[in-house]
Amino acid sequence: MKKVIAVSAGHLKTKKGSNPIRNHIRYLNYGLLGLATILRHHGNIDITVFQADNCTVNDIFGVIEQSGINIHNDCECFLLSIPSYYSITWCIQFCKIAKQEYGKTIIVGGRWVVDNHVEWIRDKLKYADIIIEGFGERKLAAYFSFPGWELIPDGSKKCFDWLDYELLYDYEKYQPCIEISRGCGAGCQFCADKNTMRLSNKPIEIIINELNNLDQVFGDYSVYFEAPHFIFEKQWIAQLCKSILSRETAFKWRCTSRVETVPIKMLPLMKDAGLKILDIGLESASKQQLLNMHKTGNPEHYLEKAEELLIACRQNNIWVKFNLLLYAGETHATVDETTLWLVNHRDLIKDISVGSLVYYYNMDSLSDLLSLGATIPDEGQITNTGYIDLNLSPEIDSEEAKRISVMMPKFIATQKDFYDVKAISYFERGYSYSDYLKDLARCDPSELPFTIAKDPVDNDCVTDGNKKKTR
Ligand code: B12
Ligand code: SF4
């Protein structure tokens, strides 16, 4: 059998725009790499994964050929993974070339985009042969029908056991991750995972095997423990930390969770075991907006817990990065309320990332958003792109929301904070602080989500989280 070429789609437009620094961010599409690992190791299928990242469609075909694959002669079929609606335009061009120039079969998947709107995708991607909804593990195994394919479990029941990084072209540039669980079901109104079933955390022995593999493949690395909502099951965490501490190699790790979920008493143990960054979905510090998002039923208590977490993380030299969302019904007053809370806690917060509400085709709550005051700027946008950049309220339209998203982090983070937070798990491996400063000099400061300040005196790559910020 010839080679299967798996491609993670790139973006012609990204949600956060592009600049010389963002071009060094490499989001690993671990969903696609996990599928490739199964096909290779259970199905004995020859497969290579290419991440398009910021490449144009023509460039990615060039990269594939440069890797030594003759697409005409060697390629059995393409698997195309669509990580987000922002990739659709790129995918349209990709499918056209893959079919018209190379005449290959194209199988498309990526549940956040494909699910529930197959007809729409089919209409957009006219040259695609097969579109697969949902988790791909079992459906692709059935398609290739290798011996024993029936034993591959459905992705709603099991995480990946491991990721074979060597199947990914140029894998040395990517920072590794380990999938811990899937799904969430916590009900936040804006989230695609609000009603999904959460799988319990993966057994620790499997994680340790994956770490042993990372030692072999990468040597020196940090890890994202991936889960839409990392749950700190106490016994599981205690066992994980104990197992990490008994290993010879140390590494830094991060994960995404909620303010109320982190067991504060366990932070010293987790710090010793390498926890360096907590990505926390704070979303807002406006009490009304927290209620509107269904983030909490008790915003006062929620914000107290957030403060308690910040203080405990500071004591343990763990950085907190908050994710914030400008939501339907947002006004200048609610933005000010959030900004004031953040500024009051500025010395405890390493960085924030602010997004503005986008309505995606497969969300179900447009009427709720409209009832909170949001409006649709361009009725045609959804059928063209699959998403809508909403006006959040009569006061804050989509453009103003984008402006606030860039401005708000400037109150909190400096260029060093931004680098430190992205250096673990996001920037391509080997992207040094001095390379970053050179790229920074080519950026428009007004478009950067941080202020440019004098660097701390001990100008190493990872600053001490206990220090006060210099600005
Ligand atoms: C972890 C995560 C990330 C991680 C990792 C991304 C990744 N590729 O997995 C990071 C931080 C990098 C990330 C970044 C972004 N993300 Co994100 N992310 C998530 C999150 C929390 C979980 C994703 C997940 O479950 N992965 C686990 C794997 C196993 O699932 P999977 O990737 O879907 O893969 C399975 C199937 O889709 C399918 N499949 C995938 N590819 C293929 C290919 C074929 C051929 C087949 C048959 C099947 C198939 O099989 C896979 C295995 O079962 C979700 C949901 C949430 N709660 O917020 C948002 C989410 C997916 N992200 C979202 C967005 C918008 C983004 C960004 C565009 C944000 C930005 N920065 O601008 C970027 C785009 C990144 C990129 N280029 O890939 C949106 C997508 C919205 C949409 N419908 O377009 C979501 C839904 C969040 C939301 N708004 O609700 N994200
Ligand atoms: S806690 Fe996070 S993953 Fe879960 S529903 Fe809310 S935003 Fe989504």
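Trainee: What makes strand β8 and strand β9 a pair, and in which sense do they run, parallel or antiparallel?

Mentor: In this predicted model, β8 (residues 253–257) and β9 (residues 275–283) share five bridges in the parallel sense. A pair needs at least two bridges, so with five bridges these strands count as paired. Ser-257, for instance, stands opposite Ile-280 in β9.

Trainee: What makes Cys-184 one of the residues around ligand 2?

Mentor: The cut-off is a C-beta atom, placed from the backbone, within 6 Å. Cys-184 is listed around ligand 2, so its C-beta atom meets that limit. Others in the shell include Cys-188, Cys-191, His-229 and Arg-258.

Trainee: How does the shell around ligand 2 divide into nonpolar, polar and charged residues?

Mentor: There are five nonpolar, three polar and three charged residues. Gly-187 and Gly-281 belong to the shell, and because Gly counts as polar, they fall in that group.

Trainee: How many residues does each domain bring to the contact between domain 1 and domain 2?

Mentor: The assignment gives domain 1 (3–151) and domain 2 (175–430). Domain 1 brings 13 residues and domain 2 brings 14. On the domain 1 side, eight are nonpolar, three polar and two charged. The domain centres, taken over C-alpha atoms, are 27 Å apart.

Terms used. Residues numbered from 1 in each chain as written. Chains lettered and ligands numbered in written order. Predicted model: local features only at pLDDT ≥ 70, side-chain atom pairs only at ≥ 80, totals over all residues. Domains from an automatic or database assignment. Contact = placed C-beta atoms within 7 Å. Helix = DSSP H or I, 4+ residues; strand = E, 2+ residues; numbered from the N terminus.
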